[in-house]
Amino acid sequence: MREFWEQFRGAILNFGVGNAIEIILIAVLIYFCLVILKRNGVLRLAKLFFLIVLTALVLSWERFGLTLVRPVLIAVPFVAVLLIVVLFFNDFKRSILKLGSVKEDKVRFGVERGTDEDRKRAVREVVRAVLSMAKRDCGALIVLVSDTIQSHIIESGISLNAHLSGQLLESIFNPKGSLHDGAVVIKGDTILAAGCFLSLTQDITVDKELGTRHRAAIGVTETNNVISIVVSEETGVISVAKAGELKRYIDSDMLTAVMEEFYGLKADGKGRKRGKVRGVRK
């Protein structure tokens, strides 16, 4: 470190035209880095790192006599590593959470014994309840489970193991009730638990206007093989989250198609796709 500052001090004392050129080159490099980062994307990030490495090699070539930036180039590898960590923080976190979610940390359910007709009835009940709550701007968060889910989610709520019905769902999310702020976890045609607490997504691309329900809906799908259904209490808009992605403005046909696909039922093909929105940008 001492050698670094001595070289830097010497470069400042011997500042010349060549050093001014160096500063201009560095400014141009930073500008292009910011432009590429603003656009994001894996290909653009690859171009960014290639640009950094190429510029570092050029500026470190002694024939150019550019000495001011040479001490700074020592920090390039560290900056690159820090940049990768910052840009892909959510991906790293998601991978670590998945590795940490061992079998002992998850609740595994037995083979579902319900018939296709039972599952179709469950779909109808959920869709009916969700549409009813959407019309009344009644906020709701429903999580549909396939085989496993993190145990702390179930343990954070009230165990019900109740037969699924639209009336029961609407009563749970009644604003005057004690469980309406939490999530309902459903397996097949059974309500496993209500009032469950979910971890919020840390994805920085999520629209800042979205509240905790939507962030929780996205977060639970990032680390579990589930889908979540959200009803906004401000607008009544229905949304569906799956694998960290959120679709908004879902209608009854779309919701039915999503649930039938999740339950392994034959979709009726009526769902009209209105576009998937990454991070829910309007």
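This report walks through a sheet, the helices around it and a few single residues of the structure above.

The model is predicted, so to speak of local features a pLDDT of at least 70 is needed, side-chain atom pairs count only at pLDDT 80 or more, and totals for chains, interfaces and linings use all residues. Residues are numbered from 1 along each chain as its sequence is written, and side-chain values use heavy atoms, with hydrogens and water left out.

## The sheet

Let us start with the strands. Helices (H or I, at least four residues) and strands (E, at least two) are DSSP runs, numbered from the N terminus. Two strands pair if DSSP finds at least two bridges between them. In what order do the 7 strands of the open sheet stand? The order is E4-E6-E5-E2-E7-E8-E9, and the pairing is mixed. At the edges are strand E4 (158-163) and strand E9 (245-247), each of which pairs on one side only. From one strand to the next, the twist averages 20 degrees. For such values, axes are lines fitted to C-alpha atoms, for helices over the stretch in contact, and angles run from 0 to 180 degrees between N-to-C directions.

Of its 6 residues, 6 are buried, so E2 is largely enclosed by the rest of the structure. Here buried means under 20% relative accessible area, exposed over 50%, and partly exposed in between (1.4 Å probe, protein chains only). In a regular strand, side chains alternate between the two faces of the sheet. Both faces of E2 are covered: Ala140, Ile142 and Leu144 are buried on one side, and Leu141, Val143 and Val145 on the other.

The neighbours of E2 come next. With strand E7 (residues 226-231), E2 pairs in the antiparallel sense over 6 bridges, and Ile142 has Ile229 in E7 as its bridge partner. With strand E5 (residues 183-187), E2 runs parallel, joined by 4 bridges; there Leu144 stands opposite Ile186. Further along, strand E8 (residues 238-242) and E9 pair in the antiparallel sense over 3 bridges, with Val240 opposite Lys247 in E9.

## Helices on the sheet and on each other

Two helices pack on this sheet. Contact here means heavy atoms within 4.5 Å. Helix H10 (residues 212-223) touches E2, E7, E8 and E9, and its direction makes about 175 degrees with that of E7. H7 also packs on the sheet, touching E2, E4, E5, E7 and E8, and its direction makes about 30 degrees with that of E7.

H7 has a helical partner too. Two packed helices are described by the angle between their axes and the distance between the axes. Helix H7 (residues 116-135) and helix H11 (residues 252-262) pack at about 145 degrees, with their axes 10 Å apart. Which residues of H7 and H11 meet? Ala122, Val123, Val126, Val127, Val130 and Leu131 in H7 meet Ser252, Leu255, Thr256, Met259 and Glu260 in H11. The residues of this contact divide into 8 nonpolar, 2 polar and 1 charged, where Ala, Val, Leu, Ile, Met, Phe, Trp, Tyr, Cys and Pro count as nonpolar, Asp, Glu, Lys and Arg as charged, and the others, Gly among them, as polar.

## Single residues

Some individual residues are worth a visit. Most residues other than glycine have a negative phi. Asp137, in the loop between H7 and E2, has a positive phi of about 55 degrees although it is not a glycine. Tyr249, in the loop between E9 and H11, likewise has a positive phi of about 55 degrees without being a glycine.

Ile149 is found in strand E3 (residues 148-150). Ile149 and Val185 are 36 residues apart in sequence and 9.5 Å apart in space, C-alpha to C-alpha. Glu155 lies in helix H8 (residues 151-155).

| Residue | State | Relative accessible area |
|---|---|---|
| Asp137 | partly exposed | 35% |
| Tyr249 | partly exposed | 43% |
| Ile149 | buried | 0% |
| Glu155 | exposed | 64% |
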